[in-house]
Amino acid sequence: MLNPLAPTAFQLTVLGASGGPLETYNCSLFVKSYHTPWVDGSLLMVDAGTILSSMSNILQSSYLRKNPPVAAVHTPSTIKINYNAEPLLKPFPLEKLPHKPPANVLPNLDPDHRLISQSNALYIFNHYISTVCVTHAHLDHILGLVVNSAAISRSKPLIVAGSPFTINALETHIFNNSIWPNLTSQGVDPCGLIDLVSLDHGPSVSAPHTCPHPQSSGCSSLQSSNKPNSSNSTNSTNSTNSTNSTNSTNSTNSTNSTNSLSKWVELAQNLLVFPMPISHGRHCDSTVFFVKDKITSKVLMIWGDVEPDFLSQNPRNHYAWKRAAKYYDQGRLTGIVIECSFKSNHDDSLLFGHFSPHHLIHELDHIFLKNSINQPHTNLRVIISHIKDDLTSIVTELEPKVVIMNELKALAEQRSLPFEFIRGDPGLTLFL
Ligand SMILES: [Zn+2]
Ligand SMILES: [Zn+2]
């Protein structure tokens, strides 16, 4: 059972969770430390497939007192876990935003609050967002950042942080004055609107295959094969001495400078980030970000696109799962955001570096839970993102976003797994 008395640590709001092929509502979410007020630099974004258009639509829904776009489909589940009774339809502090809907709407003067919503979205973008953490540079994760970058107007550059692999891709292949103007602070003719910051990603270790039996109940090999050199990173607020939330390159100090896996970086007010490398097909390094609330020491785990260890030539998920299991045992893990792109009947050879339900359930069960010594396990919210649209499907019940959620719930139920799966539709706001 969820513990209603557990302190809330985070607000998480999904802006988009599609992995395409539709170009709307691509992967993007933001996190705020729950006990930190809405002030400049209080939001941490993870991925930026969409920013302004999604924020604007969500704001407009709030003003019109409608459900956020798409998100209404699963409100029963959302309401159940949203035990802090925060208003579901208000992911943003409407009273603090500069533009208010007029009491008396005059005809032809923004009657549907579209323009007010856009202006307020821009305000949020330029004031509240401190850093955009990018899991990898595929277009469905950066599209909003790139197109919206023309609207950046801040007193200091927007921090865009990611692994060296990701930052290099953005620098070399996107902001290169050819694909898009160089709005960054480095390179040829820089505009200085964006600071690209490489986060120490830890060693890009390769491990022997960890679990040869995805459908079995074994997997004891995992217990001994996980040897990340992490020793002190679970020490909450003491594990970082960063004081400047926007000066990331200088704030990556940790208590142990020789341990590259023990660096928490403060990238938004009271939010620390710890990246780990994961595999996403043969050609792309992706990232899982642990986000820690400095006030409560609770931790959220947010995955980029990722393939199952079972199918990977460079299986690294088990390192991240082991770390997550430690936080889970300590009662500090409040949720997991992870992709599940395809239905279970999708051929493994056509996953292209993604999960389908049985692979995800397998990793949650045989890697994550097997690394946990906590008995009994308490319920954990798993927010599902990056479901690939199937545009050939014309029946709701056959839509991947319906089928995948049903499959996950059924598989978890069969195994009595302690997970509550929630689909990360745009506008979904959870207090975790
Ligand atoms: Zn993607
Ligand atoms: Zn990708």
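Me: What coordinates the zinc ion (ligand 1)?
Reply: In this predicted model, Asp 140 (OD), His 141 (NE2), Asp 305 (OD) and His 386 (NE2) coordinate the zinc ion (ligand 1), at 2.0 to 2.2 Å. Donors are N, O and S atoms within 2.8 Å of the metal (3.2 Å for Na, K and Ca), and water is not among the atoms, so sites may look incomplete.

Me: Which geometry does the site of the zinc ion (ligand 1) have?
Reply: It is irregular, with angles of 89 to 175 degrees among the four donor atoms. Four donors count as tetrahedral if all angles lie between 85 and 135 degrees; four count as square planar and six as octahedral if opposite donors are over 155 degrees apart and all others between 65 and 115; anything else is irregular.

Me: And what does Asp 305 bridge?
Reply: Asp 305 bridges the zinc ion (ligand 1) and the zinc ion (ligand 2), which lie 3.3 Å apart. Asp 140 is in helix 4 (residues 139-148) and Asp 305 in the loop between strand 10 and helix 7, so the pair ties together parts 165 residues apart in sequence. Helices (H or I, at least four residues) and strands (E, at least two) are DSSP runs, numbered from the N terminus.

Me: Is Asp 305 buried or exposed?
Reply: Asp 305 counts as buried, at 2% relative accessibility. Asp 140 also counts as buried, at 15%. Buried means under 20% relative accessible area, exposed over 50%, partly exposed in between (1.4 Å probe, protein chains only).

Me: Different topic. Which strands does strand 11 pair with?
Reply: Strand 11 (residues 333-339) runs parallel to strand 10 (residues 299-303), joined by four bridges. Five bridges join strand 11 to strand 12 (residues 380-385), also parallel. Two strands pair if DSSP finds at least two bridges between them.

Me: What stands opposite Gly 335?
Reply: Leu 300 stands opposite Gly 335, and so does Arg 381 in strand 12.

Me: How does the chain get from strand 11 to strand 12?
Reply: Through helix 8 (residues 357-368), in a right-handed β-α-β crossover. Right-handed means that, with the strands pointing away from the viewer, the path from the first strand over the helix to the second runs clockwise.

Me: How many residues of helix 8 are buried?
Reply: 12 of its 12 residues, among them His 358 and Phe 368.

Me: How are residues numbered, and what cut-offs apply to the model?
Reply: Residues are numbered from 1 along each chain as its sequence is written, while chains are lettered from A and ligands numbered from 1 in the order written. Local features need pLDDT of at least 70 and side-chain atom pairs count only at pLDDT 80 or more, totals for chains, interfaces and linings use all residues, and side-chain values use heavy atoms, leaving out hydrogens and water.
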